[in-house]
Amino acid sequence: MKKIDIFHPLTLNVGLAIHNADWNWQNVTSPFTRIYYVTKGHAKIILPSGEYQLKPGHMYMIPSFTLHSYSCEEHFEHYYIHIYEKLEFESSFMDDYNFPVEIKGESIDLELVKRLCELNPSMALPKSDPRSYDNDLTLSKYITRNEQRDITLKLESRGILFQLIAKFMKEAKPKEDDIDNRIKKTLIMIQKNLDKKISVEDLAKEACLCKGYFTRLFKEKMKTLPTHYIIQRKIERAQQMLTIKDISIRDVAAELGYDDCSHFISIFKRETGITPQDFKMHTADLH
């Protein structure tokens, strides 16, 4: 089965944002993809690949887990869409491509974005400050809200997301040339084995490299050590499990390959700032 056949994007947030030189946030990174449709004014986003001027009539995409900053010195209006994908033990097809940051928008694209806003009025953000919404508890709240919507709203919303992403996909390029195939093999291995203990030695063997060189290469390509990357993916999976399943903390730890539940709790708190118990109670209250 191809990855596109199991691609299930969720409308996490959508709305119209109006700013007066107050869209200035630094070092933002999130577990969801952003799409903007600019309608008035100008602003700037700073990405690892460079600086991009945001212009009316254009759409912009920022992939998940991409470090970026915003700069705005005038009146600026844009529609925002936050797209979240629930992953089980496979990577997303979007991880296999480099999408263009900017594409020219068309009138039909703007109508689709406006329709998405009409379908999801409860998904608008009360504040534009990433600190107010880009956190684990707020993320789980909007995921839960999405799950509780009428199925017809979900279907139409997902159809719109597919159409908008397809516009960027027309100019996307495979990542094979940008991520070493040896590293790609280990990313797939990690995603498929989050329920097991994964060692750097196992990953290096999968890549047919010695441990030291593999670690250096992984950090160069992924901007983090393989051990921390594994932890990040496991904690993301734990959050999904605690959000959508009636499951104990101990069982979550066991399903993610942790024999010591207290060690799992310590890692979860270090990565998210709260314990899994607090996270579970908060998501339960949202239901």
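Reader: Why is Asn27 called exposed?

Author: Asn27 has a relative accessible area of 57%. The term exposed applies over 50%, buried under 20%, and partly exposed in between, with a 1.4 Å probe and protein chains only. Asn27 is therefore exposed. This is a predicted model, in which local features need pLDDT of at least 70 and side-chain atom pairs count only at pLDDT 80 or more, while totals for chains, interfaces and linings use all residues. Residues are numbered from 1 along each chain as its sequence is written, and side-chain values use heavy atoms, with hydrogens and water left out.

Reader: Where is Asn27 placed, and what is its phi?

Author: Asn27 belongs to the loop between S1 and S2. Its phi is near 50 degrees, a positive value in a residue other than glycine. Strands such as these are DSSP runs of E with at least two residues, helices are runs of H or I with at least four, and both are numbered from the N terminus. Ala21 is found in that loop between S1 and S2 as well, and has a positive phi of about 60 degrees although it is not a glycine.

Reader: What makes Ala21 partly exposed?

Author: The relative accessibility of Ala21 is 36%, so this residue counts as partly exposed.

Reader: How do you know that Val38 is buried?

Author: Val38 has 0% relative accessibility and so counts as buried. Its place is in strand S2. Leaving out residues up to four places away in sequence, Val38 touches Leu54, Lys55, Pro56, Gly57, His58, Tyr60, Phe76, Glu77 and His78. Contact here means heavy atoms within 4.5 Å. The C-alpha atoms of Val38 and Ala17, 21 residues apart along the chain, are 9.6 Å from each other.

Reader: Is Tyr36 buried or exposed, and why?

Author: The relative accessible area of Tyr36 is 3%, so the residue is buried. Tyr36 is placed in strand S2. Beyond its neighbours within four places in sequence, Tyr36 is in contact with residues including Trp23, His58, Tyr60, Tyr70 and His78. His78 lies 42 residues from Tyr36 along the chain, yet their C-alpha atoms are separated by 6.4 Å.

Reader: What makes Tyr70 buried, and which residues does Tyr70 touch?

Author: Tyr70 shows 1% relative accessibility and therefore counts as buried. This residue is in strand S6 (residues 69-71). Not counting residues up to four places away in sequence, Tyr70 touches Tyr36, and its other contacts include Trp23, Trp25, Arg34 and Ile62. Tyr70 and Leu161 are 91 residues apart in sequence and 24 Å apart in space, C-alpha to C-alpha.

Reader: Why is Thr138 called buried?

Author: The relative accessible area of Thr138 is 13%, so Thr138 is buried. Thr138 lies in helix H3 (residues 136-147). Apart from residues up to four places away in sequence, Thr138 touches Ser132 and Tyr133.

Reader: How do you know that the span of H1 is close to the expected one?

Author: Helix H1 (residues 107-119) has 13 residues and reaches 19 Å from its first C-alpha to its last, against 18 Å expected at 1.5 Å a residue. The expected span is 1.5 Å times one less than the number of residues. In H1, the buried residues are Asp109, Leu110, Leu112, Val113, Leu116, Cys117 and Leu119. Their cover includes strands S1, S2, S5, S7 and S9 and helix H4 (151-169).

Reader: Why is H1 called roughly antiparallel to H4?

Author: The axes of H1 and H4 come within 10 Å and cross at roughly 150 degrees. That angle makes H1 roughly antiparallel to H4. Angles over 145 degrees count as roughly antiparallel, under 35 as roughly parallel, 65 to 115 as roughly perpendicular, and the rest as oblique. They run from 0 to 180 degrees between N-to-C directions, and axes are lines fitted to C-alpha atoms, for helices over the stretch in contact. Among the residues making the contact are Leu112 and Leu116 of H1 and Ile160 and Leu164 of H4.

Reader: What makes H5 and H7 roughly perpendicular?

Author: Helix H5 (residues 181-192) and helix H7 (residues 211-222) pack at an angle of about 90 degrees, with their axes 10 Å apart. H5 and H7 are therefore roughly perpendicular to each other. The contact is made by Arg182, Ile183, Thr186 and Leu187 of H5, with residues of H7 that include Tyr213, Phe214 and Leu217.
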